[in-house]
Amino acid sequence: MQAIKIDESFYKVKEVRRLTDETFSLRLPKKQFKFKAGQHISLGIQGDYQSREYSIYSGEQDEHLEVLVKEVKEGYFSPKLSHLKPGDLVEVNGPFGKFRIDEKKVADHKFVFIASGTGIAPFRSMVRTYPELDYQIIHGVRYGHEAYDKDEYAPERHVLCTTGDKSGQVHGRLTKYLKKTKFDKTTQFYLCGNSNMIFDALEVLKDKGFDRDQIHCEVYF
Amino acid sequence: MSLEKRKIAFKTLGCRLNQYETDALVSDFDQAGYEVVDFKDAADVVVVNTCTVTNQSDQKSRNIISQAARNNQGSMVVVTGCMANNYKEKLEGQDKITYVVDNKRKASIRQLVDAHFNGEILHPSNLDGDVFQFSTVDKSLHTRSSIKIQDGCDNFCTFCIIPKVRGRAVSRPLPEIIENVKHTLANGFKELVITGVNIGRYEWEDKRFEDVVEAILDIPGDFRVRISSLEPDGFGDRFLDLFKHPKLAPHLHLCLQSGSDKVLLRMRRMYAYKRFESIVECFRVVWPDFNFTTDLIVGFPGEDEDDFQQSLDAVNQFGFSHVHAFKYSVRKGTRAERMEEQVPEKVKTSRSAQLRDQSEAMRKSYLNRFIGQKQTVLIEKIDEQGWASGYGEHYVPVEFKVDGISKNTFHKVRITKLKGENESLTLVGELELI
């Protein structure tokens with residue numbers, strides 16, 4: 001009988017791309033790694049026994065594999081990641097997860113991506129993977145500078161909601177925008193971020209009459 | 001093997017999958033000529049198949065390992081199972097343990113033990129790694145045998161250490177499953193339990209979980225099939241239709257974990273309460289007596305009184321006949337370890353007691369409905385007074401008086417009363433004369 005394949009390997013860090021003082025993306029060579037936009041990986045650091053899960057930030061066809069990380073100053077893992085240098089080794093396991101676009105719906109459905117903070121990661125991957133996608137991103141952050149890689153999205157497709165300053169199109173939580181906005185009946189909603197945001201956004205969408213099957217959730221790690 | 005048989009003892013902690021894997025190892029060693037002895041008897045080899053799902057499981061596993069080493073000084077102690085994955089280096093550093101074998105290589109333990117007795121010391125990492133390589137279970141162990149169809153889990157629920165210790169989800173090829181089922185039936189088993197870590201996510205080529213169940217049900221023979229623990233997502237009408245098959249037992253252990261949507265999201269569960277409710281309703285419309293049992297976690301970080309009340313309400317609403325209630329305990333390396341709002345131990349204990357009372361009341365109420373009805377019981381044991389005991393198709397415990405019939409046979413029993421208290425509640429009946 002054939003032994004099961006263990007899908008794990010070490011990757012050399014190519015680049016640590018600083019996006020804000022606290023947030024960075026980690027770029028790795030893609031090698032033969034195959035995934036579907038929206039999936040996540042488990043990331044470990046060579047010589048460390050812990051690992052964490054991160055959604056993939058790059059597109060399926062991009063030349064590198066990228067994850068988006070917010071450093072938790074008092075945390076154990078993310079400060080170590082932020083100190084990585086090009087050439088350091090990380091261990092990648094995966095990909096994992098069912099948080100993916102239904103490809104049959106790409107051509108004739110609208111997609112609304114609702115993210116808090118670094119929860120935007122799987123949506124960047126989806127947008128880069130499906131250039132023809134009819135989408136809107138609703139991104140909730142505290143301050144405007146946390147609109148990671150905002151310039152990559154068409155301005156009319158990106159709605160920034162800021163609670164800590166007035167630099168976003170919406171001043172307040174993203175649920176404020178959801179409540180006042182009309183969406184097509186067949187819209188596919190994808191939610192990614194902390195569980196409180198997802199709970200509140202789900203309530204708004206359910207109140208608007210959307211079926212739970214149209215709403216896909218990824219609670220952030 | 002020397003003329004005198006080597007003695008081997010086993011101890012298993014934790015889930016049904018672990019129990020199955022031990023059963024398979026027992027069969028493997030038995031067929032190879034080892035004498036399988038009770039854990040409390042002296043043995044040349046002791047295998048401890050550990051669990052790490054809660055702090056309590058870790059503690060129990062540690063105690064059993066110490067007991068195994070203490071009672072069998074100079075013997076070989078093999079530690080395997082999820083704790084062996086989670087604390088590999090720590091365990092390897094303990095003199096009382098001879099070998100630490102991870103889950104992936106568990107099926108090859110006999111290879112390791114045989115080599116050891118032949119003077120060849122293998123490192124467990126050199127053993128074959130295949131989570132489906134286990135021998136077919138021999139009929140002498142139980143009347144019910146598990147069929148392993150899947151291993152590992154990719155769900156990453158925030159409380160759960162299992163993806164780290166069982167690895168990513170892998171599904172056993174369907175032809176191998178069918179072959180295993182045929183061998184198991186040929187060994188005399190009358191009841192099969194479809195088992196794995198997250199069996200609802202079975203995926204091999206174009207085959208899904210429903211295809212596996214259907215293929216097993218289609219195998220000719222006098223047997224019945226149960227489905228072990230299942231997540232309440234990813235199945236639809238076709239799954240429901242499978243239960244129209246007379247061989248498939250009307251019982252599901254459907255893991256709810258919490259009655260609160262807020263807590264379910266924090267747990268990163270893939271369903272909402274309504275989804276669970278709709279599944280139960282679909283089944284109970286067709287089969288009002290369908291038996292649902294569940295797991296509930298008490299005191300998950302952030303669980304307030306309202307959230308807990310929703311779990312209590314769920315026990316009432318769904319009429320579970322059994323609730324496996326876990327007090328939440330921090331698992332190192334999980335997301336929930338880093339969550340704020342950890343619930344004090346005292347509160348968890350109190351909620352756990354309330355939940356136990358509630359679930360025992362529901363169990364009594366559920367079992368009561370069978371009085372006056374018939375169950376097809378597979379006899380597991382017959383005591384010296386001639387009382388047979390076993391489970392009916394609804395996975396309800398039944399006792400009845402017998403004369404001249406043997407274990408591992410099906411019998412129609414008319415239920416007459418309920419006896420005992422709490423977890424020892426049992427239906428009592430009379431053999432139906434044909």
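1. The model is predicted: local features need pLDDT of at least 70, side-chain atom pairs count only at pLDDT 80 or more, and totals for chains, interfaces and linings use all residues. Residues are numbered from 1 along each chain as its sequence is written, while chains are lettered from A and ligands numbered from 1 in the order in which they are written.

2. Chain A has domain 1 (8-96) and domain 2 (103-219), with bounds from an automatic or database domain assignment. Their C-alpha centres are 23 Å apart. The contact involves 16 residues of domain 1 of chain A and 12 residues of domain 2 of chain A; residues are in contact if their C-beta atoms, placed from the backbone, lie within 7 Å. On the domain 1 side, strand β6 (residues 64-70) of chain A gives the largest share, three residues. Helices (H or I, at least four residues) and strands (E, at least two) are DSSP runs, numbered from the N terminus.

3. Chain B is split into domain 1 (7-126), domain 2 (144-368) and domain 3 (374-431).

4. Strand β17 (residues 387-391) of chain B pairs with β18(B) in the antiparallel sense over five bridges; pairing requires at least two DSSP bridges between the strands. The two form a hairpin with five residues between them, and B:Tyr395 in the turn has a positive phi of about 65°. β18(B) also runs parallel to strand β20 (residues 426-431) of chain B, joined by three bridges. There, B:Glu399 is opposite B:Val428.

5. In a regular strand the side chains alternate between the two faces of the sheet. Buried means 20 or more other C-beta atoms within 10 Å of the residue's own, exposed 12 or fewer, and partly exposed in between, with C-beta atoms placed from the backbone.

6. B:Lys401 is partly exposed because 13 other C-beta atoms lie within 10 Å. Leaving aside neighbours within four places in sequence, B:Lys401 contacts B:Gly386 and B:Trp387. B:Trp387 stands opposite B:Lys401.

Technical notes: Contact = placed C-beta atoms within 7 Å.
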